[in-house]
Amino acid sequence: MASLSPSLFLVIILEITLISISSGLRPPSPGYYPTSMFPSAVFYRYFTNLWGPQHQSVSPDQSSVTIWLDRATGSGFKSRKPFRSGYFGASIKLQTGYTAGVITAFYLSNNEAHPGTHDEVDIEFLGTTPGKPYTLQTNVYINGSGDRKIIGREMKFNLWFDPTADFHHYAILWNPREIM
């Protein structure tokens with residue numbers, strides 16, 4: 001039986017209006033919200049920019065980062081070190097209006113260490129058109145995405161709430177036995 005690589009990098013590729021990492025300031029919505037049990041990470045100590053630094057604003061105490069999308073580009077950042085397990089959360093408010101073709105993603109991946117055969121755990125929001133709900137897609141992939149021997153699971157959910165109206169907390173809780 002295949003298993004996840006022992007270490008994955010946290011990668012945030014969010015083409016959205018705003019995000020706050022583990023802010024602890026928002027109510028639990030939707031689901032389990034253990035953020036108070038896990039302190040916020042100091043941004044520049046634990047993360048590095050991937051692209052679009054002109055679309056990032058880090059709070060003075062470095063406990064949160066705001067990133068945004070315009071017609072030219074979005075922004076992305078990643079963890080400086082790999083993780084073997086942990087709680088990875090983000091408070092996200094999605095863009096309103098026509099967003100078809102835009103994917104907002106929050107995920108764990110070891111693609112840099114294992115290109116072509118990487119492991120990945122995703123939370124993705126698939127863009128939409130006015131009047132239709134956003135789709136939240138979760139993925140767990142083992143052994144890459146290019147060799148047609150993908151081991152994993154993909155699930156799609158039409159959201160029953162408006163993710164553009166306010167911040168909602170989304171998280172991946174990963175321990176040696178399970179991913180939630």
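Predicted model: local features only at pLDDT ≥ 70, side-chain atom pairs only at ≥ 80, totals over all residues.

Numbering starts from 1 along each chain as its sequence is written, and side-chain values use heavy atoms, with hydrogens and water left out.

**Stop one: the rings.** Select Phe 43, Tyr 44, Phe 47 and Phe 77, a cluster linked by ring pairs (centres within 6.5 Å; planes under 30 degrees apart are stacked, over 60 edge-to-face, the rest tilted). Phe 43 and Phe 47 are stacked, because their centres sit 5.5 Å apart with planes at 20°. Now look at Phe 43 with Phe 77: this pair is edge-to-face, 5.0 Å centre to centre and 75° between the planes. Phe 43 counts as buried at 3% relative accessibility (buried is under 20% relative accessible area, exposed over 50%, partly exposed in between, with a 1.4 Å probe and protein chains only). Phe 77 is buried too, at 0%.

**Stop two: Pro 163.** Jump to the loop between strand 11 and strand 12 (168-174); strands are DSSP E runs of at least two residues, numbered from the N terminus. Pro 163 is buried, at 3% relative accessibility. Show its contacts (heavy atoms within 4.5 Å): among them are Ile 92, Leu 94 and Tyr 134. Leu 94 is 69 residues away along the chain, yet the C-alpha atoms are separated by 5.7 Å.

**Stop three: strand 11.** Select residues 151-158 and colour by accessibility: of these 8 residues, the buried count is 0. Finish at Ile 142, opposite Ile 151.

Methods: Helix = DSSP H or I, 4+ residues; strand = E, 2+ residues; numbered from the N terminus. Pairing = 2+ DSSP bridges. Phe/Tyr/Trp six-rings, centres within 6.5 Å; stacked < 30°, edge-to-face > 60°. Lists of a residue's contacts leave out its neighbours within four places in sequence.
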